[in-house]
Amino acid sequence: MRSWTNIDKQGIIGILVLITIFIVLATSSILLRYCKPQNEPQSSADSVFVVHISELQQEHRQRQYNRPSSHVHNNRRTITPFNYNPNTLDSAGFVKLGLSPYVAKNIMHYRAKGGLFRKPEDFGKIYGIDSADFQILKPYIVIPEQEQHSALVEQEKKKQREPEKFIVVDLNTADTTTLKQLRGIGSARAKMIVNYGKQLGGFVSANQLREIKNLPPELIDSLMTHFTVSVNQIKPIKVNRANVETLKKHPYLNYYQARAIYDLRVKKIELHSIDDLKSLKEFTESDLERLRPYLDFSKAY
């Protein structure tokens, strides 16, 4: 029979061994949990969630790709163009295009007053429309040919209904701006008229316009009733003071005529009237008659 002393020693050793084994196993389990690799497969629930998020992201990207093209400007309005006729589209349609309600109102107001868009460029003249917006919308404007023709016809009828303001122009006081008010007189023709009047010293008759080169006779005929002349505005040449250079600048005098007048004046010391020139072979009766308003025979001093 064993003694209690031997039994107690063996029991204690066994208990210590078991405790040691338990501690080792427990420690190993804890170490394995905290040292688990980061790329260890997730649980099935986590995997389903990740896949769902990935599908949502892909769907969002696909929507962005398939969205119709639009243009966003600095004013944060979005222009979404489509084919439209600016003569028939309603205000809601213009807003749908991306234009502001203010611009849409201006368009409708223009049309209500009888305004028509004959060509795409006309639409860009609407007050308030941004030039960048117009460049985007311009290719989508569709105006049928019959509407363009109708607009032109209506414009012509409007001109016929409006009585033309009758203008009377004094050729000796009018500047180029005044002359351009007459139909058929542009900048170039207005300058020709003014310059010729200065060379003459003033017009004595509207018929003198026929002496201007490149001025169509039929145009002068159509405008004759619009012209008048102030003869008191004429600036004649002072014959008893003028030299040859001054005399020959006048459109009605050539060099030989100017020289003949000057030599006669030197010979006679002073000329008294146009009759003094009748002795000169360089002049005809018609020449002298044409010159009469432009020669001043006052005393030299």
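Guide: Welcome! In this predicted model, Asn-106 is in contact with Ile-126 and Tyr-127, once its neighbours within four places in sequence are set aside.

Visitor: What makes these count as contacts?

Guide: Contact requires heavy atoms within 4.5 Å, and Ile-126 and Tyr-127 are the residues listed for Asn-106 beyond its neighbours within four places in sequence. As for its own setting, Asn-106 belongs to helix 4, which spans residues 101-112.

Visitor: Why does Asn-106 count as buried?

Guide: Its relative accessibility is 19%. Buried means under 20%, so Asn-106 falls on the buried side of the cut-off. Over the whole chain of 301 residues, buried ones make up 30%.

Visitor: Let's turn to the rings. How many aromatic pairs does the structure hold?

Guide: The structure holds eight aromatic pairs. One of them joins Tyr-84 and Phe-123.

Visitor: Why is the pair of Tyr-84 and Phe-123 called edge-to-face?

Guide: Two values decide that. The ring centres are 5.9 Å apart, and pairing asks for centres within 6.5 Å.

Visitor: What makes the pair of Phe-94 and Phe-123 stacked?

Guide: Here the centres are 6.0 Å apart, with 20° between the planes. Phe-94 lies in helix 3 and Phe-123 in helix 5, so the pair ties together parts 29 residues apart in sequence. Phe-94 is buried, like Phe-123.

Visitor: Which residues do ring pairs link into a cluster?

Guide: The cluster consists of Phe-82, Tyr-84, Phe-94, Tyr-110, Phe-117 and Phe-123.

Visitor: How do you know that the charged end of Lys-96 sits over the ring of Phe-82?

Guide: The charged end of Lys-96 is 5.8 Å from the ring centre of Phe-82. The cut-off for that distance is 6 Å, and the charge must also lie within 35 degrees of the ring normal; Lys-96 is listed as sitting over the ring. Elsewhere, Arg-290 lies over the face of Tyr-252, at 3.9 Å from the ring centre.

Definitions and conventions: Residues numbered from 1 in each chain as written. Predicted model: local features only at pLDDT ≥ 70, side-chain atom pairs only at ≥ 80, totals over all residues. Heavy atoms only, no water. Helix = DSSP H or I, 4+ residues; strand = E, 2+ residues; numbered from the N terminus. Buried < 20%, exposed > 50% of the residue type's maximum accessible area, 1.4 Å probe, protein only. Phe/Tyr/Trp six-rings, centres within 6.5 Å; stacked < 30°, edge-to-face > 60°.
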